[in-house]
Amino acid sequence: LKSETGNLKEQSSALNEALKSKEKELLEVLYQIPNSPNSRVPEGKSEADNTTVSNHGEKPTLSQKLPHWELCEKYNLIDFELGVKVSGPGFPFYKGKGAKLQRALISFFLDSATDAGYEEYLAPLMVNEASGVGTGQLPDKEGQMYHATADNLFLIPTAEVPLTNIYREVLLPSPDFSVKLCGYTPCF
């Protein structure tokens, strides 16, 4: 019986390893299946095929149109060159009224959301791999995310990732299904 028990333990161990391997293979195949488009989304090949659902307010007519980088330079709101010096392209320094505008917009949108019944969170800036998979960031966007390899954590692209993962592996009863959360985080 001792010999048979030893053999069964070895078989069980080998079967568990084979199961893990097959589960990993299955998961890799499942990651390849794209999300189906909503049936209400019209098919099209270009912007001309888009359908306008609604408009709000009147479209302003501007007498003088300037691209954002020229507006930022004109009003001394952002220092793009300093951002390149310190961090590289895509990391501008907001300064003076530009920094104040950023802070005011963040407060405005968070206040508007909480006034509309959303619960505000200040979420972690890094998530584990399961959280990245839970929101579809991983495995396909792994090369676009900053990865802290020592802890196997990923810097978040938006607050949506940690907030959505609050309910990862949680079944919400239908009366609680409409969950209203908001949060601000820097995006990496």
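**View 1. Glu169, an exposed residue with a positive phi**. Glu169 is exposed, with a relative accessible area of 76%. (Buried means under 20% relative accessible area, exposed means over 50%, and partly exposed is in between, using a 1.4 Å probe and protein chains only.) You'll find Glu169 in the loop between α6 (160-164) and β7 (181-183). (Helices are DSSP runs of H or I with at least four residues, strands are runs of E with at least two, and both are numbered from the N terminus.) Glu169 isn't a glycine, yet its phi is near 65 degrees, a positive value. Most residues other than glycine have a negative phi.

A quick note on the model: it is predicted, so local features need pLDDT of at least 70 and side-chain atom pairs count only at pLDDT 80 or more, while totals for chains, interfaces and linings use all residues. Residues are numbered from 1 along each chain as its sequence is written, and side-chain values use heavy atoms, with hydrogens and water left out.

**View 2. Asn152, another residue with a positive phi**. Asn152 sits in the loop between β5 and β6 (153-155). Its phi is about 55 degrees, although Asn152 is not a glycine. Is Asn152 buried or partly exposed? At 33% relative accessibility, Asn152 counts as partly exposed.

View 3. Most peptide bonds are trans. Pro139 belongs to the loop between α5 and β5 (147-148).

**View 4. Ser131 and the residues around it**. Ser131 is part of helix α5 (residues 129-134), and with a relative accessible area of 6% this serine is buried. Its side chain makes a polar contact of 3.1 Å with the side chain of Arg168. (A polar contact is a pair of N or O atoms within 3.5 Å; within protein, one must be able to donate a hydrogen and the other to accept it, and residues adjacent in sequence count only if both atoms are side-chain atoms.) Skip the neighbours within four places in sequence, and Ser131 is in contact with Val161, Asn165 and Arg168. (Contact means heavy atoms within 4.5 Å.)

**View 5. Phe154, in the sheet and in the core**. An open sheet of 3 strands runs in the order β4-β6-β5, with antiparallel pairing. Its edge strands are β4 (126-128) and β5, each pairing on one side only. (Two strands pair if DSSP finds at least two bridges between them.) Between β5 and β6 there are 2 bridges, and Phe154 in β6 is the bridge partner of His147. (A nonpolar core is a set of buried Ala, Val, Leu, Ile, Met, Phe, Trp, Tyr and Cys residues joined through side-chain atoms within 4.5 Å.)

**View 6. Phe108 and Phe109, an aromatic pair**. How many aromatic pairs does a search of the whole structure find? The search finds 1. Phe108 and Phe109 form an edge-to-face pair, 5.2 Å centre to centre with 70 degrees between the planes. (Rings of Phe, Tyr and Trp, its six-membered ring, pair if their centres lie within 6.5 Å; planes under 30 degrees apart count as stacked, over 60 as edge-to-face and the rest as tilted.) Phe108 is partly exposed at 49%, whereas Phe109 is exposed at 55%.
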